Amino acid sequence: MSTENNAKKPYSLNSELVESVTRDLLKKRGIELEHIAELVLFLQKKYYPELTLDYCKYSVDQVLRKREVQNAILTGIQLDMMAEEGKLIPALQEMVENDEGLYGVDEILAFSIVNVYGSIGFTNFGYVDKMKAGVLERLNDKSDGQIHTFLDDIVGAIAAAASSRIAHRKQAEREEDMEHMRQLAEQQAAAAKAQLES
């Protein structure tokens, strides 16, 4: 065999594969887009009463397209799965298995998702994490034998990021509406002035 055949091929990221595996892994762990969208609606409905679950799902979908989000999801779920199989080193195994309160690495990993749409995501994350609304209540229930030490924070972080995305989009829409109204008022004033001068 020649050395050319034995040479390692250069690494090239397959973004489509990573996204597909990420979404499949969420489903295998019992998380549907709708579950996260319900958290987004919970976070934003007070501010945007016209907000729909479909729009929230779209926002979640957009968050899941981001590479840093996919990386955090894959890493966190892999660690949860390894903990279920007892494959972590003993000291780490105990902390992850018991979702140790002083073990904050799960939140640190989630922070890489939280701020993909700005720092407002931190507030959203803190609130939804504290309330344990929707699917987060199930993920925090330790009675089913599954370990979700990382996944519960990841799901909360995705919801927080999707909520932040909506807040930024709604603000942009408001500013566009105000600019449109300003331009309309200027046109009406100019038309009135032209009529007076004629």
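This is a predicted model: local features need pLDDT of at least 70, side-chain atom pairs count only at pLDDT 80 or more; totals for chains, interfaces and linings use all residues.
Q: Which residues of H2 are buried?
A: They are Val18, Glu19, Thr22, Arg23, Leu25 and Leu26.

Q: What makes the buried residues of H2 line one face of the helix?
A: Seen down the axis of H2, the buried residues fall within an arc of 160°, and therefore they line one face. An α-helix has 3.6 residues a turn, so residues three or four places apart point the same way. The face turned away from the buried side of H2 carries the exposed residues Glu16, Lys27 and Lys28. Just after H2, glycine 30 takes a positive phi of about 85°.

Q: Why is aspartate 99 called buried?
A: Buried means under 20% relative accessible area. Aspartate 99 has 18% relative accessibility, so it counts as buried. Aspartate 99 is found in the loop between helix H6 (90-97) and helix H7 (105-114).

Q: What is noted about the phi of aspartate 99?
A: The phi of aspartate 99 is near 45°, a positive value in a residue other than glycine. Most residues other than glycine have a negative phi.

Q: Why is glycine 156 called buried?
A: The cut-off for buried is under 20%. Glycine 156 has 1% relative accessibility, so it counts as buried. Glycine 156 is found in helix H10. Leaving aside neighbours within four places in sequence, glycine 156 is in contact with Phe125, Val128 and Leu136.

Q: Which members of the largest nonpolar core touch the most other members?
A: Of its 47 residues, these are Ile73, Ile113, Val155 and Ile158. Several helices each supply at least two residues of this core, among them helix H3 (33-44) and helix H5 (67-84). H10 gives the most, with 11 residues.

Q: Which residues does isoleucine 158 touch, not counting residues up to four places away in sequence?
A: Isoleucine 158 touches Ile36, Val60, Val63, Leu64, Val69, Ile73 and Ile113.

Definitions and conventions:
Residues are numbered from 1 along each chain as its sequence is written. Side-chain values use heavy atoms; hydrogens and water are left out. Helices (H or I, at least four residues) and strands (E, at least two) are DSSP runs, numbered from the N terminus. Buried means under 20% relative accessible area, exposed over 50%, partly exposed in between (1.4 Å probe, protein chains only). A nonpolar core is a set of buried Ala, Val, Leu, Ile, Met, Phe, Trp, Tyr and Cys residues joined through side-chain atoms within 4.5 Å. Contact means heavy atoms within 4.5 Å. The arc is that of the directions from the helix axis to the C-beta atoms.
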